[in-house]
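Please keep the sequence and the coordinates open while reading.

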Amino acid sequence: MATNNLSILFVASEVEGLIKSGGLADVAKALPEALHGLQQDVRITIPAYNGIERLSEAEVLLETQLTSWPHTEYRVLRLYLGDTPVYLIDCQPYFNRPSMYAENNEAYSDNGERFAFFSAACLDMLPKLDFRPDIVHANDWHTGLVPFLLKHRYGSDPFYANIRSVISIHNAVFKGVFSYDEVQCLPEFHSRNVPDAAVSSTHIAMLKAGVLNADKINAVSPTYAEELQTELGSHGMAWEFQQRAKDLVGILNGCDYSAWNPKTDAYLPLNYEPSHQSMVEGKSACKKALQQRLNLAEKDCAMFGMVCRLTMQKGLHYLLPALTDFLKHDVQLVVVGTGDPVLATHLEEVAEQFPDKFVFVDAYDNELAHLVEAGADFFLMPSEFEPCGLNQIYSMAYGTLPIVRGVGGLKDSVNDYDVDSSDATGFVFYDPTPQALLLTMLRALLLYTQNNAEVKRVQLHAMQQDFCWRKAAEEYLELYHSALKSISLA
Ligand code: GLC
């Protein structure tokens, strides 16, 4: 691998530490940090949403307007996350709102325009900041137009000519589909005929524009990179990913052990580390604290936890029909998360039916998420699809065995007990059915009740896994260097 240092503009719609709605934000913080640790010059860019608490501390670097039509006025502010600079694109009409993407479960009607502007501004600001990155790294649909604009708008501009782009696919179910009318703020769409973004005669998809125009593409796990080349796995974009197959790789996300580490976690009543005694004592204290917090009996029965957005993606439609049968056993189960109100209502009904065994916490609660990861014995992730998934990796770090469906990054990160018990780190099932999930939860429960010492051995083995970001960051560096090869070949 080449050792010369690169400069990288990492463009995302959210970043943990400033503002977060999902796993993308975790990656947007941890990956730049890990690249920084490898001596690369990385700078993050996100919109200056007014929900960012530290916004008032930000330094104003630039007050300007887009050089291209429609010359929208904007400012660039700067904050730091550790040593990593974060540029915030401040444009009040677009980002001074109560939320990032949606209110009351309804997306903002001008999201197309908001993220088209954001993508344009990320590139427009570069010469004005006197920053010429080697790589612009886009993430998901919100920034899909960044690689597109780099080629279409700036392809022949000498300042941009040697910048290469990469796009990471965290979740291809969201494509950023908008009508040409909605993206008229970019002159590139005035013709209403842009084949490398079009998904019909009237609409474009920002993700497609990113995938077809980026120099390199990566999925957030090797299995997801394979799945994206199928109709089902890409949710209808297989052709585009197949076209780009030789530039598409899978890189498994890492774990930010500075945030998710039972040895240092400030949310836990007792910290613990990967040794048998410490783990047993720590997890038992955390289980007690979790039971108290949830108003469940403080007893030694198997505790199953789940923390997720309430969406079909997370497999709640497999869990809900399985719950009634499962809760007949001597178990406790907690689900923490917000989202789809229909799923929330179903979960509430089950909680009313089994008040002494099942708790549903309809909230996004980071502190409780940490306590569930530590206090549960098993962690549920029966996802319908999962590009990478991070909670299964966190749960392993806490010695909590993930029960996952073998898709995407779940398949790449969890070793099933029945396949090879000596190297097991959890339980894997494949059929997308409530029955398959139920059987797997029962497999785990049976082991817990019949051979508890064995569960503890497997938990310890899970704790000893190392999903460090440094390794993933090295793979990203290789990807960047391969994107830059086209320059030396030119
Ligand atoms: C999305 C995916 C999730 C992945 C995360 C970070 O939230 O759904 O699987 O872990 O992005 O890449």
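Phe304 has Leu333 in β15 as its bridge partner, and Met303 is bridged to Gln332 in β15. These pairs belong to a predicted model, in which local features need pLDDT of at least 70, side-chain atom pairs count only at pLDDT 80 or more, and totals for chains, interfaces and linings use all residues. Residues are numbered from 1 along each chain as its sequence is written, and side-chain values use heavy atoms, with hydrogens and water left out.

Strand β14 (residues 302-307) and β15 run parallel and are joined by 6 bridges. Helices (H or I, at least four residues) and strands (E, at least two) are DSSP runs, numbered from the N terminus, and two strands pair if DSSP finds at least two bridges between them. In general, strands of a sheet pair through backbone hydrogen bonds, either parallel or antiparallel.

How many residues of β14 are buried? Here buried means under 20% relative accessible area, exposed means over 50% and partly exposed lies in between, with a 1.4 Å probe and protein chains only. In β14, 6 of the 6 residues are buried, so the strand is largely enclosed by the rest of the structure. Both of its faces are covered, with Ala302, Phe304 and Met306 buried on one side and Met303, Gly305 and Val307 buried on the other. For β15 the count is again given as 6 of the 6 residues buried, so this strand too is largely enclosed by the rest of the structure. On one side of β15 the buried residues are Val331, Leu333 and Val335, and on the other they are Gln332, Val334 and Val336.

On to the next pairing: strand β15 (residues 331-336) is joined to β16 by 4 bridges, and the two run parallel. Val336 has Val361 as its bridge partner in β16. Helix α11 (residues 341-353) lies across β15 and β16 and runs at about 150 degrees to β16. Axes are lines fitted to C-alpha atoms, for helices over the stretch in contact, and angles run from 0 to 180 degrees between N-to-C directions.

These strands are part of an open sheet of 6 strands in the order β16-β15-β14-β17-β18-β19, with parallel pairing. Its edges are β16 (358-361) and β19 (427-429), each with a single partner strand, so one side of each is left without a neighbour in the sheet. From one strand to the next, the twist averages 15 degrees.

Another open sheet has 9 strands in the order β3-β4-β5-β2-β1-β8-β9-β12-β13, and its pairing is mixed. Which strands stand at its edges? They are β3 (59-65) and β13 (248-250), each with a single partner strand, so one side of each is left without a neighbour in the sheet. Neighbouring strands of this sheet are turned by 25 degrees against each other on average, direction ignored. Within the sheet, β2 (residues 41-47) and β5 (residues 84-90) pair in the parallel sense over 4 bridges, and Ile46 stands opposite Leu88 in β5.

Helix α4 (residues 145-152) is mostly covered, with 6 of its 8 residues buried. The buried residues are Leu145, Val146, Pro147, Phe148, Leu149 and Leu150. What covers them includes β1 (7-11), α3 (111-129), β8 (135-139), β9 (164-169) and α5 (206-213).

Gly176 is found in the loop between β9 and β10 (177-179). At 9% relative accessibility, Gly176 counts as buried. Leaving aside neighbours within four places in sequence, Gly176 is in contact (heavy atoms within 4.5 Å) with Trp141, Ile204, Ala205 and Met206. The C-alpha atoms of Gly176 and Gly112 are separated by 7.3 Å, the two residues being 64 apart along the chain.

On a 1 Å grid over the protein atoms alone, a cavity is a set of points where a 1.4 Å probe fits but cannot get out, and a pocket is an open set with protein on both sides within 12 Å along at least five of seven lines; lining residues have an atom within 4 Å of a point. Grid points are joined across faces, edges and corners, and a volume is the space filled by probe spheres set on the points. The structure holds 1 cavity of 30 Å³ or more, and the largest cavity contains about 40 Å³ of space. Its lining consists of Asp26, Ala30, Gly254, Cys255, Asp256, Leu390, Tyr394 and Trp469.

The second largest pocket has a volume of about 280 Å³. Among the 19 residues that line this pocket, Lys283, Ser284, Lys287, Asp300 and Tyr448 lie nearest its centre. Helix α9 gives the largest share of the lining, 7 residues.
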